[in-house]
Amino acid sequence: MKTDELITLLATGAGAVESDATARRYGTALGWGAFGATLLMAILLGVRPDIDAAARLPMFWIKLAFPASMAVGSLIAASRLSRPGARLGWVPGALVAPVLAMWLLTAYVLLGAPPPERGELVMGRTWEYCLFNVPMLSVPVLVATLWAMKGLAPTRLALAGAAVGLLAGAIGALVYALHCPEMEAPFLGVWYVAGMLIPAIVGALLGPFVLRW
Amino acid sequence: MTQRIDSHEQASANEDRLRDLLVRALAGDAAAYRAFLKDLSTHLRAYFRKRLSGLPDEVEDLVQESLLAVHNQRHTYDPGHPLTAWVHAIAKYKLVDLLRRRAARDLRNDPLDDVLDILAHNDSDAAAARLDLAKLLERLPARQRLPIVHMKLEGLSVVETSRVTGMSESAVKVGVHRGLKALAAMIRKQR
């Protein structure tokens with residue numbers, strides 16, 4: 001087929017195209033993914049029984065705000081990485097800022113605590129559950145957002161996969177926070193960050209295979 | 001210096017014209033879309049020819065593959081952003097993808113084959129694509145092939161295609177969409 005014939009083929013009856021495709025695809029993916037993660041958490045783990053009391057403490061809301069801010073930043077990164085030629089601009093900074101803020105809080109708490117207690121502040125009592133459950137709860141969002149991105153046009157596949165992986169990890173951590181009893185910044189600064197990074201690494205590894213077009 | 005400013009102005013004029021054509025095309029103007037693709041193909045050809053000087057046979061195939069990619073992914077163009085950056089990112093992605101696939105294939109093959117290859121090819125028909133999209137089209141399943149043949153090659157409307165094929169109107173639209181995506185995937189597998 002000659003190139004001119006291909007052009008005629010493509011142009012004939014092409015019709016109008018909606019321009020909000022990116023927002024709609026990610027909206028659908030996030031809706032289903034977050035629903036799946038919440039369902040998994042409710043069935044396998046359960047909401048923490050003392051959530052009423054916990055919700056009166058500022059640390060509970062910091063624990064939710066931390067992954068929520070990571071989710072917003074990585075969603076913007078993912079939607080930009082889905083469009084050829086779009087620049088990331090300030091987005092990496094917006095992703096690093098919440099982590100730095102949490103580490104500052106971690107340093108403040110650790111320096112204010114007597115040295116023998118510092119180890120327990122970091123390790124908590126449930127670190128291995130956190131490290132397993134956050135990536136486990138991120139699976140529905142990871143699958144759904146990889147599907148969303150696959151229908152768009154990422155050109156930097158490992159980075160694009162990392163962005164949806166981080167988004168999935170952040171939603172996983174947000175949902176896990178409703179179950180998790182830990183309330184100390186050092187725990188969040190280490191184990192929540194690690195839990196979010198695992199799906200990001202998985203996404204970066206999957207991207208070049210799954211997202212090609 | 002003057003030449004550089006001229007080429008800069010030329011690029012900016014092309015950006016404005018092509019962007020205007022694509023915006024109209026995305027709103028459903030088929031004539032504008034045809035003009036856009038035609039114009040774009042000349043820029044793609046120049047871009048690939050410059051970067052594939054060692055592989056002249058690949059140029060026209062890559063132009064076609066990129067046009068199909070632009071078509072299948074045209075919903076990712078945001079009219080608020082520069083068209084040049086969007087087109088360049090797609091062309092570069094397809095170029096890198098091709099070079100990567102070729103490198104992987106060359107590693108698998110016995111390098112002796114390349115020595116014999118020297119006399120096996122000539123580039124008298126370098127301007128023609130070796131990739132035969134018409135042949136690939138025949139390999140699509142009927143639910144994708146028929147809508148493409150009737151709508152895209154014969155120029156029938158959705159309603160007419162639906163009547164001729166006995167498929168529902170939405171199945172016709174889905175068939176065209178999925179068929180062109182499947183075609184793009186087949187091209188990638190083949191090369």
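**Note on the predicted model of chains A and B**

1. Chain B has a mean pLDDT of 85, with 87% of its residues at 70 or more; pLDDT is the predictor's confidence in each residue, on a scale from 0 to 100. This is a predicted model, in which local features need pLDDT of at least 70 and side-chain atom pairs count only at pLDDT 80 or more, while totals for chains, interfaces and linings use all residues. Residues are numbered from 1 along each chain as its sequence is written, chains are lettered from A and ligands numbered from 1 in the order in which they are written, and side-chain values use heavy atoms, with hydrogens and water left out.

2. Confidence within chain B is lowest in helix H5 (residues 111-120) of chain B, where the mean is 57, and highest in H2(B), at 94. Helices here are DSSP runs (H or I, at least four residues), numbered from the N terminus, as are strands (E, at least two). Residues 122-126 of chain B have pLDDT below 50, and this stretch makes four contacts in the model beyond near neighbours in sequence; contact means heavy atoms within 4.5 Å. Where pLDDT is low, the predicted coordinates should not be read in detail.

3. For chain A the mean pLDDT is 94, and 100% of its residues reach 70 or more.

4. Chain B comprises domain 1 (1-131) and domain 2 (132-191); domain bounds come from an automatic or database domain assignment. In the contact between them, 16 residues of domain 1 of chain B meet twelve residues of domain 2 of chain B. The two domains of chain B bury about 1200 Å² between them, 56% of it on carbon and sulfur atoms; buried area is the accessible area (1.4 Å probe) that two parts lose on being put together, summed over both. Of the area that domain 1 of chain B buries against domain 2 of chain B, 46% is supplied by B:Leu68, B:Asn72 and B:Leu131, more than by any other three residues.

5. One salt bridge is found across this interface of domain 1 and domain 2 of chain B, the term denoting a side-chain nitrogen of Lys or Arg within 4 Å of a carboxyl oxygen of Asp or Glu. The side chains of B:Arg188 and B:Asp97 form a salt bridge at 3.2 Å, N to O. On the side of domain 1 of chain B that touches domain 2 of chain B, the elements giving two or more residues are helix H3 (56-72) and helix H4 (83-108) of chain B. H3(B) gives the most to that side, with eight residues.

6. Between the chains, 44 residues of chain B and 31 residues of chain A take part in the contact. Chain B and chain A bury about 3200 Å² between them, with 62% of it on carbon and sulfur atoms. In chain B, the residues that lose the most area to chain A are B:His75, B:Tyr93 and B:Lys152, together 21% of what that side buries.

7. Two salt bridges are counted between chain B and chain A. The side chains of B:Lys38 and A:Asp4 meet in a salt bridge (2.9 Å, N to O). H4(B) provides the largest share of the side of chain B that touches chain A, namely eight residues.
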